[in-house]
Amino acid sequence: AVMRVSSQAIDVFEMPIEFVEKILDQAEGYSKPHIAMTGGEVTLHSQFDKIIDLIVERGFQFHFVTNGTTYKHVWKKIGHHAASREWTGVSISMAYR
């Protein structure tokens, strides 16, 4: 994938959704899996909402770390999961401009 930052194009690695599914398959072997999504800005993944759906469909608890810059965009896609028992929290970095 390529991300454009002002006039510069930057190559961006994005974990394929198929790889995420394999990780979740392996996690099913544990008694009470909790999926923690950290590192970089996980909400920038182009299929972040689908990843959350996969986690919830499997009944895993989860949380993720974000700097909050994509909050409005992400909330529209995953906010319906907020009341679920699977979503255990969001850690927000207090970065600012």
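Modeller: Happy to. The largest nonpolar core has 19 residues, and those with the most contacts inside it are Ile35, Met37, Phe48, Ile55, Phe62 and Phe64. By nonpolar core I mean a set of buried Ala, Val, Leu, Ile, Met, Phe, Trp, Tyr and Cys residues joined through side-chain atoms within 4.5 Å. Buried is under 20% relative accessible area, exposed is over 50%, and partly exposed is in between, with a 1.4 Å probe and protein chains only.

A word on where this comes from: it's a predicted model, so local features need pLDDT of at least 70 and side-chain atom pairs count only at pLDDT 80 or more, while totals for chains, interfaces and linings use all residues. Residues are numbered from 1 along each chain as its sequence is written, and side-chain values use heavy atoms, with hydrogens and water left out.

The elements giving it two or more residues are helix 1 (17-27), strand 3 (34-37), helix 2 (48-57), strand 4 (61-66) and helix 3 (71-78). Helix 2 gives the most, with six residues. Helices (H or I, at least four residues) and strands (E, at least two) are DSSP runs, numbered from the N terminus. The protein has three helices and five strands, and along the sequence they follow the pattern β-β-α-β-α-β-α-β. As a general matter, nonpolar side chains tend to be buried together in soluble globular proteins. Here, 31% of the 97 residues of the protein count as buried.

Let's zoom in on Met37. Leaving aside its neighbours within four places in sequence, Met37 is in contact with Val42, Phe48, Ile51, Ile52, Ile55, Phe62, His63, Phe64 and Val65. Contact means heavy atoms within 4.5 Å. Across the protein, residues 24 or more positions apart account for 68% of the contacts with a separation of 6 or more.

Rings of Phe, Tyr and Trp (its six-membered ring) pair if their centres lie within 6.5 Å; planes under 30 degrees apart count as stacked, over 60 as edge-to-face and the rest as tilted. By this rule the count comes to two aromatic pairs. The rings of Phe48 and Phe64 have centres 5.1 Å apart and planes at 80 degrees, so that pair is edge-to-face. Phe48 is in helix 2 and Phe64 in strand 4, 16 residues apart, so to speak a link between distant parts of the chain. Both Phe48 and Phe64 are buried. The other pair is Tyr71 and Trp75, with ring centres 6.0 Å apart and planes at 25 degrees, so it is stacked. Tyr71 and Trp75 are four residues apart in helix 3, separated by about one helical turn. Trp75 counts as partly exposed, at 37% relative accessibility.

Trp75 also leads us to Trp87. Not counting residues up to four places away in sequence, Trp87 touches Phe62, Phe64, Trp75, Ile78, His81 and Ala82. Trp87 lies in strand 5 (residues 87-92) and counts as buried at 12% relative accessibility. His34 is 53 residues from Trp87 along the chain, yet their C-alpha atoms are separated by 9.7 Å.

Now for helix 1. Its buried residues are Ile17, Val20, Leu24 and Ala27. The face of helix 1 turned away from its buried side carries the exposed residues Lys22 and Gln26.

The structure holds two. Arg58 forms one with Asp25, the closest N and O atoms being 2.8 Å apart. Arg58 lies in the loop between helix 2 and strand 4 and Asp25 in helix 1, so the pair ties together parts that are 33 residues apart in sequence. Glu28 forms the other with Arg58, at 3.3 Å between the closest N and O atoms. Glu28 sits in the loop between helix 1 and strand 3, 30 residues from Arg58. Together, Asp25, Glu28 and Arg58 are linked in a network of salt bridges. Arg58 is partly exposed at 25%, as are Asp25 at 43% and Glu28 at 47% relative accessible area.

Technical notes:
Salt bridge = Lys/Arg side-chain N within 4 Å of Asp/Glu carboxyl O.
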